[in-house]
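These are my notebook entries from an afternoon of looking things up. Have the structure open beside you and follow along.

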Amino acid sequence: AMEAWRALRDEPALTLDGQRVGLHMNAGLLTDLPSLEGSGAEGVGLYRTELQFLIRARVPLRSEQAALYDRVLSNARGKRVVFRTLDIGSDKVLPYMKRLEEPNPALGWRAIRISLDRPNILKMQLQSLLRGAAGRSFAVMFPMVAQASEFSQARAMTLEQLERHIRNGWPAPSRLEIGAMLETPSLAFAPDHFFREADFISIGGNDLKQFFFAADRENERVRRRYDAFNASYLSFIRMIVDRCEAHGTPLSYCGEDVGRPLEAMALTAMGVRTLSMRPASIGPVKRLLRSVDLREVRGVIDAGIGRGDVNLRGALAGWARDAGV
Ligand code: PEP
Ligand code: MG
């Protein structure tokens with residue numbers, strides 16, 4: 001399937017109105033990495049580190065974690081890689097971790113909440129990342145941050161581990177970016193200092209939609225009822241874009257939505273300029289972005305919102321059909 005997009009692989013995702021969109025890929029296993037070449041991805045926008053933890057019978061040793069991160073960075077050959085720290089709980093359960101009986105696991109003890117309550121696992125992972133990177137640049141981001149203080153704590157832990165790493169005489173990464181995933185609506189309303197403190201923010205649309213609409217992403221009955229074309233959601237994304245722009249915080253979007261070209265187009269029209277998706281989506285998304293004027297797309301969305309449309313899918317699909325894109 002990649003063959004068809006070969007011709008586009010080395011072309012930039014440049015829209016007709018001259019907007020440059022960064023297209024990165026999501027990954028989580030070493031077998032994903034050859035796609036970094038084949039797809040034309042500019043980097044790995046989301047590396048799901050929990051997959052190494054999920055496929056084993058025990059917590060991977062520090063040396064095993066470091067070896068994986070080393071290979072990921074070697075494969076990336078200088079392209080940017082964003083490692084997401086362990087995102088477990090809810091839909092991602094470690095077979096060897098005692099399962100908590102929780103009434104609402106999606107709203108429960110998960111992701112950064114576990115990392116802050118059990119800091120040794122996160123410390124070990126941060127040490128492994130620093131060792132595996134061996135002086136190369138990388139980015140780390142924390143999942144499910146709901147309030148600024150959680151990010152500050154995790155960031156402080158990262159800087160502590162960096163200091164310790166340097167004190168031990170090991171090479172410091174040439175650049176270390178520390179960012180947060182925006183997956184809970186509350187974080188969009190965090191105080192200004194959060195937006196200044198974060199080196200970047202990445203919207204995890206799969207979870208953000210789940211919490212924005214209060215609709216379980218795992219529940220077939222409700223999960224398709226609301227989508228990224230929803231006018232309220234697009235307005236919310238615009239608000240996040242505005243807050244990030246006001247503070248100069250780089251923003252990306254790494255949920256599955258942006259793997260579908262029309263959704264990627266709508267979110268890009270709201271101002272998101274970096275997208276991360278599964279590798280096979282990069283060609284189709286790039287093809288569409290290269291054929292549209294985002295000002296026109298934005299006009300269609302604004303007109304729909306002005307009319308009181310609940311969902312913009314119909315209006316955008318109709319516009320795309322008429323425009324022949
Ligand atoms: C998301 O929530 O959008 C995301 C990218 O993370 P995951 O799907 O792994 O929860
Ligand atoms: Mg998520």
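**Entry on R313.** I looked up R313 and found it in helix α15, residues 313-323. Helices here are DSSP runs of H or I with at least four residues, strands are runs of E with at least two, and both are numbered from the N terminus. R313 counts as partly exposed because it has 16 C-beta neighbours inside 10 Å. For reference, a residue is buried with 20 or more other C-beta atoms within 10 Å of its own, exposed with 12 or fewer, and partly exposed in between, the C-beta atoms being placed from the backbone. I also checked R313 against E101: they are 212 residues apart in sequence and 39 Å apart in space, C-alpha to C-alpha.

**Entry on where this comes from.** I noted that this is a predicted model, in which local features need pLDDT of at least 70 and side-chain atom pairs count only at pLDDT 80 or more, while totals for chains, interfaces and linings use all residues. Residues are numbered from 1 along each chain as its sequence is written, and chains are lettered from A and ligands numbered from 1 in the order in which they are written.

**Entry on the whole protein.** I found 15 helices and nine strands. The radius of gyration, taken over C-alpha atoms, is 20 Å, close to the 20 Å of the globule rule (2.2 Å times the number of residues to the power 0.38) for 325 residues, so the protein is as compact as a globular protein of that length. Along the principal axes, its C-alpha atoms fill a box of roughly 60 × 45 × 35 Å. Buried residues are 38% of the 325.

**Entry on α9.** Which residues of helix α9 (205-212) are buried? I listed G205, D207, L208, K209 and Q210. What covers them includes β5, β6, β7, α11 and β8, where contact means C-beta atoms within 7 Å. After α9 comes A214, with a positive phi near 55 degrees.

**Entry on α12 and α13.** The axes of α12 (residues 261-269) and α13 (residues 282-289) come within 9 Å and cross at roughly 55 degrees. These axes are lines fitted to C-alpha atoms over the stretch in contact, with angles from 0 to 180 degrees between N-to-C directions. That makes α12 oblique to α13; under 35 degrees would be roughly parallel, over 145 roughly antiparallel, 65 to 115 roughly perpendicular, and the rest is oblique. I saw P261, A264, M265 and T268 in α12 meet P284, V285, L288 and L289 in α13.

Methods
Two residues are in contact if their C-beta atoms, placed from the backbone, lie within 7 Å.
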